[in-house]
Amino acid sequence: MAEERIIKVGKGETPSTAALAHLEQLLTSGHLDGLMIPMSMGGGRTFMHVLVTDPDALADADPFAPVMPVNGGTSVSRLTKLEAPSGRIGVVLRPCEIAAAIELHKLLQVRLGDVVVIGVDCPGTISVKDHIDLVDAGKDPLSAVAEEPGLLREACMTCDWTRVQYHDMLLGTFGSDGTHVIVVSEDETLLGGLDKAPKGALEARESTIEKIEDIRVKTTEAVEKEVDEHLQGPEGVARHWETCIVCHNCMEQCPVCYCNECFFESQTFRYEGDKMMLWARNRGSLDMPTDKAMFHLGRMAHMVATCIGCGMCTQACPVGINVGRAFKYVASRVQPVYDYKAGRSVDDPLPQATYLEDELEPR
Amino acid sequence: MPRIGVFVCHCGLNIAATVDIAKVIDRVSQHPAVAHAEDYIFMCSDPGQLLVQGKIQELGLDGLVMANCSPTLHERTFRNAAALVGLNPYLVEIANIREAVSWPHMKEPERATEKAIEIILATVEKVRQNTELHTIKVPVTHSVMIIGGGVAGIQAALDCADAGLEVHLVERTSSIGGMMASLSETFPTLDCPQCILTPKMTQAGKHPNIRIHAYSEIEEVSGFVGNFQAKVRHKATYIDWSKCTGCGVCMTVCPTKKIPSEYNHGMANRTAAYIPFPQAVPNRAVIDDKNCLWLLKGKCGICAKKCPAEAIHYEDNTEIEELEIGAIIVATGMEVLPVEHFGEYGLGKIPDVVTGIQFERLLAPSGPTAGKVQRPSDGTEPKEIAFLQCIGSRDPANYKPYCSKVCCMYTGKQAMLYKHAVHDGQAFVFYIDIRSDGKGYEEFIQRAMEEEKVLYIRGKVSKVFEDEGKIVVWGTDTLTGKWIELRVDMVVLATAAVASSGVNELASKLRITTDEHGWLKEAHLKLQPVETLTAGIYLAGAAQFVKDISDTVAQASGAAAKAIALLSKDHLERVPIIACVDQDLCVGCGYCETFCAYGAIAVDPVTGKAEVNEGLCEGCGGCAAHCPSGAATLTNYGKKQVFDMITTFTNGQVVQ
Amino acid sequence: MTDKDRKGEGKAAAGDDFEPVIVGFFCNWCTASAADLAGTSRMQYPPNVRPIRVMCTGSVDTSFVLRALLEGADGVMVGGCHPGDCHYVTGNYRARRRLTGVIKILEALALDPERFRFEWISASEGAKFVKVVTEFTEDIKRMGPSPLKGL
Amino acid sequence: METIPYFPGCTCKADALPFEVSAKAVMRELDIEMREWERWTCCGTVYSMTTDDLIHQLGPARNLIRVQEEGSDRVVTICSMCYSTLKLSAMMFDADEEKLQKLNDFLYDEVDYEGGIRVMHILELLRDDVGFEAVKERVVRPLEGLRVAPYYGCTLVRPTEAGIDDREEPRVMHDLLEALGAEVVDSPFKVECCGSYETVDRPEMVAEKCHRILSDAIKRGADLVVTSCPLCEFNLDDRQDVISSIAPRFPGIPVLYFTSLMAIAFDLPEEEWGLESATVDPLPVLQEKVLAPKDEGGG
């Protein structure tokens, strides 16, 4: 039975510092042996997950940092794939990071049961570049977003994961007006000393979630409409990726692209010069490096059924291609075919890991 | 640069009349990897093969593309020919330019020639990337498990055991013998099973190489051809068989006497502690825990008190035994459609309407009436009996579409035996048509008609009902077109044969398949009727489809021969075209494992990488297509090979 | 890469005499045998399909289909055993799931999904093989050269 | 009280009106209102069974559209023939979208029929919705000692796909009668043909068939026969005068709708028993076996 508690945000505290104090206490008391948490880098210019064992090292951490340079699902995979660390490690993750971890768990790349997932409410993140620019310009990223919500990444504005879908402990900030952080867990050791949540706190969170969901659904519809208009047909697709430099960074940063070496970088895609001449001769010219469309469409065929829409691909693109927009659009058309929603639950079997005799076409 | 030889066959005029061979040779020769291209009128002939072999040696060719007919015809021919002169056979590939080119495009020679050239060049791209492969050797266990102890299982067991194999004969009832043991006499020889089956049963029981697992079922089967692991569940007998002497005292004292006897198909009753019939092998008693008063209510216990061998212990002695098995023969036989069907014929409602197999028991000297034909309702001797054929068979709208095959013959036999028993009796047989296609069968039916004066009426019966102690049968004689109403004393229904109950569950444990009616599927209906699609598992008898005894025994010996041949060597040789995994590329996601229907590829929990079991892999290549990183591949069907074939088809050939 | 003008004409040019290039992946046990049967029976069909024999439709990688379309095939066809008849038990069901994903991607991005065709053709269905190949060739002819080549 | 659209059909408004009276009455007692809609039309009778010709489906289709307008997804009939006609038609439109489209194109003056209406016979409703247990609970005058032979006829159980019960061995009336406390006489002729429409042209042939059906019931000790079809009722009951002319020793036997026995068992007022359509008077046997005060065995 899940217990609902509360961390009060005191004078001079922020929800971040208040929550951090609770996490620090869990580390100090030995209820957690380690904590993977976003940590300030370069004086707050960005935040990256850091595995902390020393409570004193938590000073610069922020569980609610509004930036996500790397999807935490990738880091949890690194942490647990070969062999999960002994002891209890808390991992602070946003819902889209949890979604990635859920997919990777099913792909045997994460051992989700071997870490303590600390899910946090996420109002959205700013791209790394924007975050750095804001800090460098002396602005507070959070207040900047409050003024200009359009600063959020498109993936965040169209996020499907407003509600934390899986956790061992929830740190909820939605609907709290900055006065408290809601903590939900079934594990008493993670709740030590916290007061019961007052009446209405969870309801307020729920109603905020519904409001945010509403906005996000509307934004998604608007984005899809743009795709309908511009990203259709061979020409639309070609235009979308026109400036691609075939660096494969989108794949590198994709949390559900988990292969050791991408198939599209393997020997299969290395050719003799004569072969490239053959193509050039048949087409009149050959784009170099080769296989741009093959890479994007092929990668899509490999992972779009497990795409969780975190938009890391877009953030990673050095030439500003909105890769995530295309992938999310296709994902939302492919996954329902298998009655699947990537990142939703560890219990839904991967679409390609199963089949039904009586389904799809041809019959 | 590889040195590929291309050999183009004219196939007389079959290819050459449509495909411009000279043009093919010219174009193919330009491919940088082609060291030699040559044509010949019949490449599969001895001179043709000699020509190929000569060129391999003379030019040191390291790959061959044979452009001729479908690979199903001569792939093996040319691979063997190449192997004889030292070229690894898996470096030989077929380009099909006959079935796929010259024959279906006879009216378009130019485009056909173009297609032939592209197919050959694409095959060159494939073969130049083939690797040498060597037959995989898998050690075998020299034992056979036979599932089902009817006449099929017994015959297969005896054949295998005589060949020196260790045999495990698994039977779910407490005695072997199967359906044949319940028969009265057998057509067309009128031998009684006691005369011809019992000796075989005894022989099986005493054979040093045969172990009978009676009252046992298959729990689980894993492994692969030559190396199966089977778990056999010895069901609880509540009697210590090492002490039981089969004396039958428990049967005489058991107070629960009204259980329909399976052996007698409900025509007689048995007790809760019982031996199914006197000739049972093994001759051991079991206690039926669904009916025993002691086991159900803790009352009685009389058999334990009276058993002279002190064998009864009322303890659940279920035991799971694990066996190492090289080959499996499935001989689960058949049943007839159960009695809850056929309300229109009064079955299950009118006691004197019985099924054919029930009537066998009324005819059998070993049966409840000691061979005297009596009505189940009142024990009187029936003076008139109507036999109805095709009840539930050849009836796609309501029951089974197929012919149950044995009914014509056993109905004729039953009518004849009835006449032997009741000299002044009259037998009527309603039939659609008579199928008597075995040795001596037609003569047998003629004898029934002419000598025994059995009255055959062509037509189906529409209704059977009881009226003042008689059974009224309505039907039509379709030869005279006349409506017929008979008032008889008994009706015997030749109900449709169906696959044994539980066979679907068994099939899925064995990873073999059944058809829509539950009959086990053979590898090929005409040419591999004994094999299944799973290597090392064979079919015997009526499990595959209805069979009479002689066909059953023949197939059982066939299945045994297959198993004996398979296990005649110490190692099995398998085609080496199987999956393999690049351990560096493998990321251990397990997609391959979810694909494989054979459990042949799995992520090793220690290394975190997928590994292929060479004995299990059937070489479908599904895991390779499922693997996102390209770590899994099907040998000689690599992705780059396919890509290069696609390039040839879409862009033509690479020129230098 | 949208500038079509800088591309030379591929192997197949547009026009009335447009002969499409179609790559077919046929399973060894059913559809390849059906093709053999069609040939043996001397049934005639257009020679546009270039067959690649695969052991099972279950071994048809999504990248095979994409590769063929991007490299210049005007159509791609996959043929395998009917449901329940797979020589490898379930390969055809798995292929259907996997390749449906490719079709849905092509559909979502309006990349001519009709250029891909998936059919069950058993070893005894030589006539069906001929019918499907003929129909598909006609369909592709009507659609004209694929705009996907060289994408 | 639950309501269900009710399709009466022609016979149940004329000769078989008593059937309707008793049917409505007993269902009311079981908390179901059978509500007849306005503007019902001919069910289409046997013509709708000519499968190919759409024009013959218009009758049933119009009625199905009416049910749709009633806002219900099912309809109940009491006449076996109407049941079969409507059922087959509804099944055809559910299975064949093209036919449905054609029909709707043709019936442009009507709203489109959307399909999916479940046609039920009142016996189905009693068996599946009400349940015979509930019927049994409602019985205040069990029909103890009354030996009743149910007669099903053809259209209730044939063709198989539209039948409400086993084609050869139906049970539904047996179970209902048992719930009423009657003793059921099982005759093998319960699904034999009564002669149907041939009664118009060849009454002797029909009489011959009915003779066999009724004699068997009499031989097996039946006091009366019940049926669910007005045509069967007519043939079995009204044709008994013809039977007498071909078989002078035929003693005669009353034929009732099963709903009449329900009404009696429920102890409803006599005007709701619906015995008026009976030619062979059932009252004597009912008096003797059921209606007379039971001897309590004390005297």
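Two residues are in contact if their C-beta atoms, placed from the backbone, lie within 7 Å. Helices (H or I, at least four residues) and strands (E, at least two) are DSSP runs, numbered from the N terminus.

This is a predicted model: local features need pLDDT of at least 70, side-chain atom pairs count only at pLDDT 80 or more, and totals for chains, interfaces and linings use all residues. Residues are numbered from 1 along each chain as its sequence is written, while chains are lettered from A and ligands numbered from 1 in the order in which they are written.

**Stop 1: helix α2 of chain C**

Select α2(C), residues 62-71. How many of its residues are buried? The count is 10 of 10, so the helix is mostly covered. Buried means that 20 or more other C-beta atoms lie within 10 Å of the residue's own; 12 or fewer means exposed, and in between is partly exposed, with C-beta atoms placed from the backbone. Among the buried residues are Phe64(C), Arg67(C) and Glu71(C).

Now show what covers them. The cover includes α11 of chain A and α19 (639-651) of chain B. From chain C it includes β1 (22-27), β3 (75-80), α3 and β4 (116-120). Step past the end of the helix to Gly72(C), whose phi is positive, near 130 degrees.

**Stop 2: the sheet in chain C**

Colour four strands of chain C. They form an open sheet in the order β2-β1-β3-β4, with parallel pairing. Two strands pair if DSSP finds at least two bridges between them. β2 and β4 of chain C stand at the edges with a single partner strand each, so one side of each has no neighbour in the sheet. On average, neighbouring strands are turned by 20 degrees against each other, direction ignored.

Zoom in on β3(C) and β4(C). They pair in the parallel sense over five bridges. Which residue is the bridge partner of Gly80(C) in β4(C)? Pick Trp120(C).

**Stop 3: where chain C meets its neighbours**

Show chains B and C together. Here 37 residues of chain C are in contact with 38 residues of chain B. On the chain C side, the elements giving two or more residues are α1 (31-40), β2 (49-54), α2 (62-71) and α3 (91-108). That side divides into 18 nonpolar, 10 polar and nine charged residues. Ala, Val, Leu, Ile, Met, Phe, Trp, Tyr, Cys and Pro count as nonpolar, Asp, Glu, Lys and Arg as charged, and the others, Gly among them, as polar.

**Stop 4: a buried leucine in chain A**

Stay in chain A and pick Leu20(A), in helix α1 (residues 15-28). Is Leu20(A) buried or exposed? Leu20(A) counts as buried, because it has 25 C-beta neighbours inside 10 Å. Beyond its neighbours within four places in sequence, Leu20(A) is in contact with Leu58(A), Ala61(A) and Pro63(A). Pro63(A) is 43 residues away along the chain, yet the two C-alpha atoms are separated by 7.0 Å.

**Stop 5: chain B**

Select Ile120(B) and Ile329(B). They have the most contacts inside the largest nonpolar core, which has 373 residues. Such a core is a set of buried Ala, Val, Leu, Ile, Met, Phe, Trp, Tyr and Cys residues joined through C-beta atoms within 7 Å. Helix α5 (residues 109-127) of chain B gives the most to this core, with nine residues.

Then move to strand β28 (residues 571-574) of chain B. Strand β5 (residues 136-139) of chain B pairs with β28(B) in the antiparallel sense over four bridges. Opposite His571(B) stands Pro139(B).

**Stop 6: chain D**

Finish with chain D, which has 13 helices and eight strands. Buried residues make up 50% of its 299 residues.

Notes
Axes fitted to C-alpha atoms, helices over the stretch in contact; angles between N-to-C directions.
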